[in-house]
Structure formats: structure tokens, C-alpha cells
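Please keep the sequence and the model in view while reading.

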Amino acid sequence: MGKHAVRLATRAVIVHDGRLLLVNAWANGQSRLLCAPGGGVLPGTSLPDNLAREVHEETGLTISVGTPCLVNEFHDPRTGFHQVDLFFRCSIVGSAEISKNWQDPERIVTQHVWARETDIPHLWLKPDSLARVAFSAEAPAIYDAFEEIVK
């Protein structure tokens with residue numbers, strides 16, 4: 001069993017003009033793996049607020065966060081790292097243009113890819129179910145809004 005706490009992250013499933021937004025998953029081109037934009041949840045803020053912040057940091061885009069559509073978890077048995085990703089359907093508010101000069105403050109995201117469904121077989125992305133969820137019309141899950149614990 002790993003010694004680390006489970007990390008919680010949020011990810012945005014953004015399909016705009018028939019294309020899914022993907023970003024590189026590793027800094028400095030360490031891998032060609034792509035994933036949905038998003039990142040770690042900060043304690044004391046809601047999942048949608050965290051996701052909107054992360055997407056803006058990584059892309060410069062402003063989004064509206066919709067309903068959850070996918071839960072994925074992964075771990076590295078060598079290090080004990082374990083992450084649970086909560087994916088939300090999102091839409092862009094305003095322009096969908098990502099500036100070529102945009103810089104992720106953490107300098108992890110350096111590539112933005114708008115992929116059509118027909119591009120997916122030629123890309124390496126995780127989780128494996130992401131494209132199926134993104135391009136399907138399945139009914140979304142329900143999200144009960146962030147609330148403070150009542151004593």
C-alpha cells in the first residue's frame with residue numbers, strides 16, 4: 001500500500017465545434033501523452049471553481065462547468081502515487097482562441113490540441129474512455145453543489 005494520500009483532481013471535457021480540447025500530460029515534452037485540461041483540487045474550494053481555475057491557468061480560457069461525466073483513477077505502484085480524476089462536461093464562455101503565447105504558471109502544459117473524433121486513433125490520450133465520453137450523447141450524471149458541513 002502506498003504511503004501517499006490520494007490526490008483529487010478535476011478535468012474538463014470541452015468539445016467545441018466538434019473538437020475535444022486536449023493538453024500535454026507531462027512537462028518539457030517528457031511524453032506525447034495527452035489528457036483533458038485540469039488539475040489538483042485545493043481544499044476549501046468547490047470542484048467547479050477548482051476546475052475553472054485550472055483550465056484558465058493551462059489555456060487562458062474561461063469555462064462554464066457542467067455536470068460530471070466520468071470518474072477515473074490511476075496510480076503508480078512504484079511510487080505509491082494515486083490520483084482520482086473527476087471529469088465534468090464544460091463549455092467555453094467567450095472566445096475559444098488559445099493564445100500561442102499562453103504560459104501555464106506551473107509550466108507543465110505546453111501543448112494544446114483540438115482533436116476531432118477521427119483524430120483520436122492517431123493520438124495517445126488517457127483515460128482510454130475519454131473520447132467515448134466526450135463524443136457521446138449519454139445522459140450526464142448529477143452533481144450536488146458544494147456545501148459546507150452543517151453541525
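From the N terminus on, the elements of the protein chain follow the order β-β-β-β-α-β-β-β-α, giving two helices and seven strands. Helices (H or I, at least four residues) and strands (E, at least two) are DSSP runs, numbered from the N terminus. This is a predicted model, in which local features need pLDDT of at least 70 and side-chain atom pairs count only at pLDDT 80 or more, while totals for chains, interfaces and linings use all residues. Residues are numbered from 1 along each chain as its sequence is written, and side-chain values use heavy atoms, with hydrogens and water left out.

**Burial**
- Of the 151 residues in the protein chain, 40% are buried (under 20% relative accessible area, with exposed over 50% and partly exposed in between; 1.4 Å probe, protein chains only).

**Gln83**
- Gln83 belongs to strand β6 (residues 81-93) and is buried, at 2% relative accessibility.
- Leaving aside neighbours within four places in sequence, Gln83 is in contact (heavy atoms within 4.5 Å) with Arg7, Ala9, Arg11, Asn72, Glu73 and Phe74.

**Aromatic pair**
- Rings of Phe, Tyr and Trp (its six-membered ring) pair if their centres lie within 6.5 Å; planes under 30 degrees apart count as stacked, over 60 as edge-to-face and the rest as tilted.
- The count by this rule is one aromatic pair.
- The ring centres of Phe74 and Phe81 are 6.1 Å apart and the planes stand at 45°, so the pair is tilted.
- Phe74 is partly exposed at a relative accessible area of 37%, and Phe81 is partly exposed at 33% relative accessibility.
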